[in-house]
Structures are given as structure tokens and as C-alpha cells.
Amino acid sequence: MHYRISLSLLVMSGVLLSAPAEAQRRAVTLNAPSTGDLHATVLTDRASQPVINARRETVALSWVARATSGQGTRGAHRAESRHYTQRVRGDALAKGVELYTAAPGAVVRVSASKGRLDPLAFSVVSNGRRQTLAAVSDQLVDADNLRAAGLDSAATSVGARLTGASGHIGLRYDGQLDADAEVVVSVFDRQSNIVATAQSRADQFFDAANASVAVTWPGATGPVRWRGAAVSPDGRRYTLSFDDSGNGRMTQRVAPASAPGLWEWRVTGTDANGVVRDVSTAFTLTTAVAKLGEQVRIIRTPGGIDITVPVDVGVEGRYEVRAALTDGGTGGASVIAARAEWLAPGRSEITLRFAADHLKGAGLSSTMVLGDLTVTDQSRMSVQARRRHALTL
Amino acid sequence: MRKFTILLLAGLGLAATANANTGVAFVHGTGNPSDALNDYWQRPIVNSVRQGLPNSANYTVINCQFEEYMWRAGAAGCLAGQLQSFIQSRNITDLVVITHSNGANVMRWILSNPTWDGRYPGIINVTREVVAIAASSKGTPLANAVISGTVFEAALGWILGYANDAVRMQQTSWMAYYNAYWLYGTSGRPGLPRPMINIVGTDVETAFWDPDSYCGGYALNVGLEFTQNWLASCSDGFIDCSSQAGAGSASIFDGSFTNEPLSHNQSRRQCFGIDVVLRNRL
């Protein structure tokens, strides 16, 4: 499929183009934030994150964007897991460690902090019978195989798919291994229907006190013991304590913490039968350094539509304002305009320019919706505000 | 006086005009190759694909630090610099960018965040389309598997495998966040300013008696048979088909042009006609 070229490039210095005399101007109040929107009320004048993008040049852009198919996923990501990991010493592995798989076909990986594990030197006890790992596996690989596949595993790694053993399994290493070696045994119970889930209450929080995660263990026949930690971007862990919210869901609030950025909820559940599941999912803590002003100015000219958006900034940095004009939310093509520049603390105004050619090219009529109005702190890579349905033109 | 750049882009793709100077860029996946031409792609596929150019010398093979987060200077910054240099030095006016695996995420960062860096709009302006081979657009469960650990202990990637930011980024919950807030092109999000066409590999075959299993390296395919355990029934051994086709405007599955499935390793080599598919897109 081919398309006509329609682009123009203007490189200007100095003053913005002035609006012609026939421009229609009006001031409009944005729609109030609704559920799912991001909206800070109090800004800080200090940011603890390092600056990622310190570029000072102003870049303004608009383009016609096709709509993608489907509705996407609403709400935070729901992670599922049939997996758990246990950590033992080399001498413990030499005596045998107990694994539990709920179904045949589980994949086991073993890695040690030193030495080199020989896949042929492992044995397994299952149903009272000891066999070599190779005898109960239809796939047996070492680190060279995994690295060749692009999985850059430690040199000591061994992997096996157990088709001849399941349930309570004793795994023992009969080769040479230092007693004090740290060993990680990872079990992926791929065919099991025992699945733990974790879902953050939201993708992003301004206030750590509002951050929470819900974990579930569908079909559990008895109580599940949960342990967890919220892990910050710099690796610090904050132990979680769970409250039973009933209906098979456990919720937890993270302790107040600093370190804005991408965090992880890491949770381990153990059921009454000793089945273990590790599950993790990401969320973001954001320091509020910018917010939208509520009154925008709209100027319509034959050349297009300019929308001037006030932005309150607490910490200087590179900020972008971006929004999309769509045809009354019908899901067709949209025109996106974005502008990024370095802003000092205080109130600034960012003008988004939606060119007439693009509005026509996108098939937008006189009634348009300004949506996904977003303020982004590019300096510290955080989304500061998002208004999904900002206003109707 | 303050200097700034205003760009108006057509959101629809470009058609090569009679006077276009077409070029192709090969963008690798996770890793920091110093010689991606010989180590990541290998010459046969590059030399075959560039024969589709009016001027077969108009090609470049990118070498960047894709073990970093996609927005970092060593990743998107490096990619932007090398693409800009290529465009300017060869006067490219019509660019096709071919990516493999995580390379699509880095290119999608540029397309989705055009104001991040003053170099990005000029690159987008001349880009006709991105052809994303085996893209990890929604991450991969394999990244979850190697960046794992018990609740109260440090991430054990250093034991289990990868411990770099790019793999950390490609965990499925992390990519879900980036797709929702920082990247365009996935379902329910605005489309990218340029078309992204996915090429999807659907399986791994390692039959020692089958010569096709040796294309791209038999040992590599053995490992991919094992990694496929973490993936859905449709995968190339590293990335689920749903992730490979998770962003962009269209997807070409390997079955549409070959009887042999393309594994994650084979899709960056001259295997089963993928080079012809790429060549024809130029």
C-alpha cells in the first residue's frame, strides 16, 4: 500500500507566527480529571532523580496518526506466574533439595555462583526411585546451548524439562561443587493450572501511600501464605504486610518511600500443599513536578488550530505537552501535536499547533475532541499529567 | 533569538518518488556489537537485501549499545546519531529501517517520542517504514525468567543469566507500562507516525536429519527449542508471536512466504527467503 507524500518542514528562528486578523479566539476550561487520569495537586520544588535528558532545544511537531485496532488493555498489567525460585548452598544440593511440580513437563534451571555444573551429574528421586536427570528429561541443556540461543546464562547453568517426574521431587548434584557455592534452582511448572497473579492498583502513583497490589491464587483449597516486597529502582526492598480483603484477594500498601521511577511488586505465595509461586509486576512512583493549568486558549485560523496550554512547573527541566485531536472519539485517525522545551519553575504556556492540512487529512469535522492531553517531564522521564478527555471543540 | 524547529509530518507512509534516494538501515537487537554486520546479521543477508536498492551502496549496519534502556544515549541516542550520519552522508530521502528483536523497541522509542531529541524529527521525516523482524514489542516471558529471584533477595539475573537493563526492560509487565505511557503503536494506543511492518517467526525446528535446521546454526536452534518452553505455542523460540505482532500496522507471518518456520536466530540470517521479502520491500 502506498501513500502520497505530504510533508513540509519549517525551520524558524525567533518569533512565532502571529495569528491573522480573522482568527477565532476563545478561552476554555478543561474537563475535570476523571477516573484513570493523572493529576497532581501539589508540586515539589526538588527532584531526587538524576536528569536523563538535558537537551535545551525546542522541538515542536504534529502528525496524522492512524488509530490502532482494538481497545487495548485498561488498567494496570495483571501478571501471572507458574514459577518459583529457591536458593540453596552447594552442600545442600549435594544432599538433595526438594522441588514440587504440580504437573509433568516442568522446566528446571540450576545455576551456581562458581564451578561448572555437568547436566549428566544430576539425579532425581521421584516416587521413591532414583534416576539420572537425563533419564527423566526429554530436553537437557547446558549454558552453551542457552547462550547460543541468546539467553546469556551463567557458565554454570543447566536446564531440563522433566517429563518422567512430577510431584515431590528430590534433586541432587553428584558432581564436584563447592559446599559454599550459591545455587539457584528455578522451577517453571509450565503445564500446571496453579497460577498466582499480581496486579498493581494502578500503573502510576504520585503518593506512595496510595500504592497497593492485589494478589490472587484462584482455586486455592486452603489458606495461602503470602510474603512480598516492593523493590525500588535502586534495589532497596520494603517488606510488605498483607491484609486479607476477602474474596480470595490480598492487598498491600507499600511503606512510604522515596526513589521515583519504575518499581516492582515481588510476591511469593505458598499454599497448604506446599506449592510455591513467585510473581512480580511493575508500577511507577512519580514525584509531582508539573501540572496542567485548567484554562486553555484556542485560536482557529485558516492555517489550523492553536491550543495554548498553561503548565505549572516546580523544578526546571525539559517538559513536553502533547495532545490528540480526534473526530468526536469515533476511533478514526487523529492529529497529534507535541512540543517540548526547557522550562523554568513557575507558570509557562505551551502552544500546540494542529495544521489545517493535517486536520483535513485526518478527516476531522468541526466537532473534535482534544484527548490524551499529557505533560511529560522528559528530563527525569516521568508522566506528570494525563487528561484522556480534555475538552470538546 | 530563540531557535526552534517546527515540523509537520504526514502520518501516512511515503511512496518513493521518481527522484527519491532510497537507503536501508539494519538495526540489531539486544547487545553491544562492535561488528553487527559480521556478527549479528552476517554478510549474506545484508548483501542480498541491499540488491533491492537502486543504489546498493546506500546501506548502513548500526552498532549501538542495546544493553541499555531504549531511551538512553547509548541506545536511541546512538541509533539517532548513526541514522542521521547515514542520511546526511548519502543524501538519503527515503529510508527503510530493518530491525531485529529489541531493535524495534529502540526505533519505536524514536517514532513515539519525536520531541525527545532534535535529531528525531529529521529521521522520521525521511523514514518510509520500519520492517520489524521478531520484534519484542510486548516483551518476552524469557526476560521475566532470567530477571527473577526470591522475594527478599537481590535479582538473580547475575546467576541465571542476563543482568542488563535492556533485558530488564523487556519483562512483560515493564513493556506493558512503557506501551501504555511512552510508546505508540500497540492496540488502543495512537498509531506510529510511520508504518511498522512486522515479520513474525512462528516456530523452532531442530531435526538433525533436516538440513533446514542448520540454517543460522543448529546449536543455536537447540537452545531455542528449550527457551520455547516459556512461550506460547506460536513463538520463534525467544518471542511470542503476539509480541512480535504487538505493535505496528501489519504483520507478515513466515508461513506466508516459506514452508519452514523462522526461529529467532534464523530471522536475522539468509534463511528461507526472508532476504527476498526484505529486498522486495525496498
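Are Cys64(B) and Cys78(B) buried or exposed? Cys64(B) is buried, and Cys78(B) is buried too. Here buried means under 20% relative accessible area, exposed means over 50%, and partly exposed lies in between, with a 1.4 Å probe and protein chains only.

The model is predicted: local features need pLDDT of at least 70, side-chain atom pairs count only at pLDDT 80 or more, and totals for chains, interfaces and linings use all residues. Residues are numbered from 1 along each chain as its sequence is written, chains are lettered from A and ligands numbered from 1 in the order in which they are written, and side-chain values use heavy atoms, with hydrogens and water left out.

Three disulfides occur over all chains. A disulfide is taken as a pair of cysteine sulfur atoms within 2.5 Å. Such a link is a covalent bond between the sulfur atoms of two cysteines. With the bonded cysteines of chain B numbered in sequence order, the pairing reads 1-2, 3-6, 4-5.

One disulfide links Cys64(B) and Cys78(B), with the sulfur atoms 2.0 Å apart. The angle about its S-S bond is -85°, and the link is left-handed. Cys64(B) sits in the loop between strand 3 (59–61) and helix 3 (73–90) of chain B, and Cys78(B) sits in helix 3 of chain B, so the bond ties together parts that are 14 residues apart in sequence. Helices (H or I, at least four residues) and strands (E, at least two) are DSSP runs, numbered from the N terminus.

Cys215(B) and Cys271(B) form another disulfide, and their sulfur atoms are 2.0 Å apart. This link of Cys215(B) and Cys271(B) is left-handed, with -100° about the S-S bond. Cys215(B) lies in the loop between strand 6 (196–200) and helix 10 (218–227) of chain B, and Cys271(B) in the loop between strand 7 (250–253) and helix 12 (274–281) of chain B, so the pair ties together parts 56 residues apart in sequence. Cys271(B) is buried, at 0% relative accessibility.

Cys234(B) is joined to Cys241(B), S to S 2.0 Å. The torsion about their S-S bond is about -80°, so this disulfide is left-handed. Cys234(B) is partly exposed at 26% relative accessibility, whereas Cys241(B) is buried at 6%.

Helix 9 (residues 172–181) of chain B is mostly covered, with seven of its 10 residues buried. Among them are Trp174(B), Met175(B) and Tyr177(B). The buried residues of this helix pack against parts of both chains, including strand 21 (261–270) and strand 30 (382–392) of chain A and helix 4 (103–112) of chain B. Contact means heavy atoms within 4.5 Å.
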